[in-house]
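Work through the exercises below with the sequence and the model in view. Try each task before you read its solution.

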Amino acid sequence: MLKTFQKGGVHPHENKLSANKPIQPIDPPAKIFIPLSQSLGAPSKPVVKKGDEVKAGDILAIGEAFISSNIHSPVSGKIEKIDDYFDVSGYRKPAIFIEVTGREWNESVDLSDELKEDIILDGASIIQKVKELGIVGLGGATFPTHVKLMVPQGKKAELLIINGVECEPYLTSDHRLMLEKPREIITGTRILMKALGVTKAIIGIENNKPDAINLLSKHASSYPGIEVCALKVKYPQGGEKQLIQALTGREVPSGKLPIEVGCIVQNVGTTFAVYQAIQKNKPLVERVVTVTGTNVLNPSNFLVKIGTPVSVLLGKAGWQPEKAGKVIAGGPMMGKALLNVEVPIVKGTSGILVLNREESFRPKVQPCIRCAKCVSACPMGLEPYYLARVSELEKYDLAENGAILDCIECGSCQYICPSARPLLDHIRLGKLKVNEIIRSRNQ
Amino acid sequence: MDSSILYSIITLGLIGAGSAAILYWVASKFKVEEDPRIDAVAEALPQANCGGCGYAGCRNFAEAIVKTGSLDNLICPVGGDEVMKRIASILGLEAPAVESMIAVVRCNGSFQNSPSKFQYDGVKSCAFAHITFTGEGGCPYGCLGHGDCERACTFDAIHVNPATGLPEVNDKCTACGACVKACPRNIIEMRPRGKKDRRIYVTCMNKEKGAVARKNCEVACIGCNKCVKECRFDAITLSNNLAYIDPHKCTLCRKCVEVCPTNCILEVNLPPRKRAAQSDSPAEITA
């Protein structure tokens with residue numbers, strides 16, 4: 001019997017169309033632009049100005065706030081301007097525009113493919129370096145990794161969890177990375193263990209990726225602290241709290257962080273980025289992106305420089321714009337529809353999904369029939385129909401009492417609803433309002 | 001007469017008399033002294049219970065007036081001047097001058113002026129659309145057209161015109177402010193009705209630079225400063241690439257309307273111009 005989390009969950013069609021496609025590097029186009037807000041928290045502050053020449057790997061912007069991250073140049077070139085661009089929602093956000101002139105790297109970066117397994121740095125300098133080289137969580141939430149690695153006083157980390165679940169349908173970027181860079185991921189895991197001072201790590205992988213489970217188990221066998229654990233396929237197992245529960249049986253208390261139960265969770269993509277930062281001195285300037293969907297002729301996995309426009313990837317994968325109805329950044333469950341395809345790939349983009357017109361639209365909304373399927377599906381043990389209703393009626397005190405802020409916005413409730421009710425939309429708006437109310441109450 | 005009927009009449013009569021005595025005693029013992037003026041003031045109010053004054057209902061508002069004993073900052077926008085005068089005479093106070101207000105929609109991004117570039121398939125409500133994206137026209141400050149204001153209005157005074165996708169205010173507007181609160185983009189503004197119901201205002205809220213604003217909408221304010229220079233009464237100010245006309249300084253001379261290169265200044269209920277040469281003046285719509 002495979003492990004999984006207890007409450008709720010759904011099992012959408014997996015549709016892993018690109019699982020057998022090796023990671024292909026993509027050259028950046030002549031002009032790229034790097035958004036200044038690429039991680040959770042405050043936007044970074046640019047340290048370059050118009051006309052500056054930069055090499056790949058040079059720092060472009062510094063994250064000054066506690067929760068913020070550094071941004072590096074993925075290419076060598078000239079800073080064209082620092083101006084606004086249209087983000088995925090169409091709102092204007094600042095970005096650094098670079099004219100690409102070549103692929104010259106900063107001398108300090110080790111570009112060889114050679115595997116370096118010996119960890120020289122101590123824990124504190126590992127965290128410092130992770131911060132300097134702008135590593136953020138690549139699972140999608142882009143939480144700065146160095147903040148996660150700094151365990152607050154009075155708390156103790158016991159267990160490192162590496163998240164190789166990739167429970168979103170369609171996406172295969174983590175899967176491919178595990179197949180192609182297993183030894184680097186194991187070394188990255190050891191680096192993270194050293195930084196946290198823990199002796200035990202579990203790599204959680206869903207059972208629909210048996211090749212990755214076998215390969216990582218083989219490479220992990222020489223390190224007694226690292227264990228690879230196969231998990232039952234269930235969405236949203238890649239959620240931090242669900243994964244901790246699946247692997248350890250511990251439940252993170254409401255409103256608290258995983259460190260409360262002694263766990264730290266890192267994505268495999270992040271683990272690989274940490275390996276590259278510590279052993280190769282390479283900042284986070286590229287990532288693996290899956291381009292997939294029924295609309296795309298060649299679903300593929302690309303190694304993409306941050307700042308490359310989505311349109312370049314779509315062109316490479318052979319999309320059919322005339323048939324396309326929706327382009328989504330991320331997976332079908334939690335991703336966000338793009339307003340234009342000229343937006344750049346950022347650190348948090350794990351995939352681009354193109355849906356055909358006929359699959360893009362929502363079904364007709366019908367009245368709630370009180371079947372409580374949403375209650376059974378909610379992985380956080382909430383009552384989505386109730387939270388959606390009280391948010392709709394603007395009874396935010398009831399929503400707060402119903403623990404609306406515990407919602408992880410996984411969308412399981414809306415997926416399972418036979419009446420296609422917009423439950424998550426209402427809950428998301430309710431969460432915003434409740435957060436506003438709490439903030440004004442604390443002032 | 002049957003004695004049993006007599007007995008029951010006497011018994012019931014005694015119970016009734018006893019209960020009456022108890023009720024009388026309780027009523028006088030626990031009597032709540034209420035200012036009779038509250039009733040009088042509440043009766044004078046329009047009984048719309050819209051909350052436009054800032055209180056939950058008309059009676060709460062009447063209580064507040066009588067309690068504070070002054071009319072400073074306490075205005076019934078629905079009743080307006082007439083009602084405030086009546087209240088003032090009940091309380092023996094001086095009536096404050098109440099300007100008659102009306103809601104105006106400060107966006108002209110209709111389907112024609114700001115064509116749809118995207119198709120929104122989510123919940124048909126402005127609050128949801130606003131947190132999801134910029135709107136089908138692409139303007140991050142413009143009207144989303146899903147009618148949150150229409151649903152908030154209890155006076156049947158604002159309706160989204162299906163031909164333009166923009167809300168239009170009719171004469172039933174009482175300036176209660178419910179639509180102003182409902183709009184997630186703060187497009188609706190309360191402005192004085194003006195003399196003879198004539199108004200001039202900027203129908204744009206876009207704070208982006210001119211070129212960017214213009215890309216999404218034909219009639220966006222581009223912050224060119226022409227109207228500010230043209231105005232002889234210092235009524236127009238420009239901040240964040242957006243012009244604003246102060247209704248109290250504006251003399252309705254219409255010079256700004258003529259110079260505006262994007263026709264984003266709207267005149268309402270003004271008579272047609274005398275000079276025939278002004279053929280390119282913006283089409284009048286009644287807001």
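**Exercise 1. Find how far chain B can be trusted, overall and by element.**

Solution. Start with the average. The model is predicted, and chain B has a mean pLDDT of 88. (pLDDT is the predictor's confidence in each residue, from 0 to 100.) In chain B, 95% of the residues reach 70 or more. Next, go to the elements. Helix H1 (residues 3-29) of chain B has the highest mean pLDDT among them, 95. Helix H4 (residues 80-91) of chain B has the lowest, 87. (Two residues are in contact if their C-beta atoms, placed from the backbone, lie within 7 Å.) Where pLDDT is low, predicted coordinates should not be read in detail. Finally, take the complex: its ipTM is 0.85 and its pTM is 0.85.

A note on conventions: residues are numbered from 1 along each chain as its sequence is written, while chains are lettered from A and ligands numbered from 1 in the order in which they are written. As this is a predicted model, local features need pLDDT of at least 70 and side-chain atom pairs count only at pLDDT 80 or more, whereas totals for chains, interfaces and linings use all residues.

**Exercise 2. State how chain B is divided, and describe where its domains meet.**

Solution. Name the parts: domain 1 (36-91) and domain 2 (101-268). (The bounds come from an automatic or database domain assignment.) Their C-alpha centres lie 31 Å apart. Four residues of domain 1 of chain B are in contact with seven residues of domain 2 of chain B. The domain 1 side has three nonpolar, one polar and no charged residues. (Ala, Val, Leu, Ile, Met, Phe, Trp, Tyr, Cys and Pro count as nonpolar, Asp, Glu, Lys and Arg as charged, and the others, Gly among them, as polar.)

**Exercise 3. Describe H14(A) and its part in the contact with chain B.**

Solution. Begin with length. Helix H14 (residues 423-442) of chain A has 20 residues and reaches 28 Å from its first C-alpha to its last, close to the 28 Å expected. (The expected span is 1.5 Å times one less than the number of residues.) Its buried residues include Leu423(A), Ile427(A) and Val434(A). Among the elements covering the buried residues are helix H11 (384-392) of chain A and helix H5 (126-132) of chain B. Now turn to the contact between the chains. Eleven residues of chain A and 13 residues of chain B take part. H14(A) gives the largest share of the chain A side, three residues. By class, that side has six nonpolar, two polar and three charged residues.

**Exercise 4. Which residue of chain B is buried, and which is partly exposed: Ala175(B) or Asn269(B)?**

Solution. Ala175(B) is buried because it has 26 other C-beta atoms within 10 Å. Asn269(B) has 15 such neighbours inside 10 Å, so it counts as partly exposed. Now check the backbone. Phi of Ala175(B) is near 60°, a positive value in a residue other than glycine. Asn269(B) also has a positive phi, about 60°, and is not a glycine. Last, locate them. Ala175(B) is in the loop between strand S3 (166-169) and helix H7 (178-182) of chain B. Asn269(B) is in the segment after strand S8 (265-268) of chain B.

Terms used
Helix = DSSP H or I, 4+ residues; strand = E, 2+ residues; numbered from the N terminus. Buried ≥ 20, exposed ≤ 12 C-beta atoms within 10 Å, placed from the backbone.
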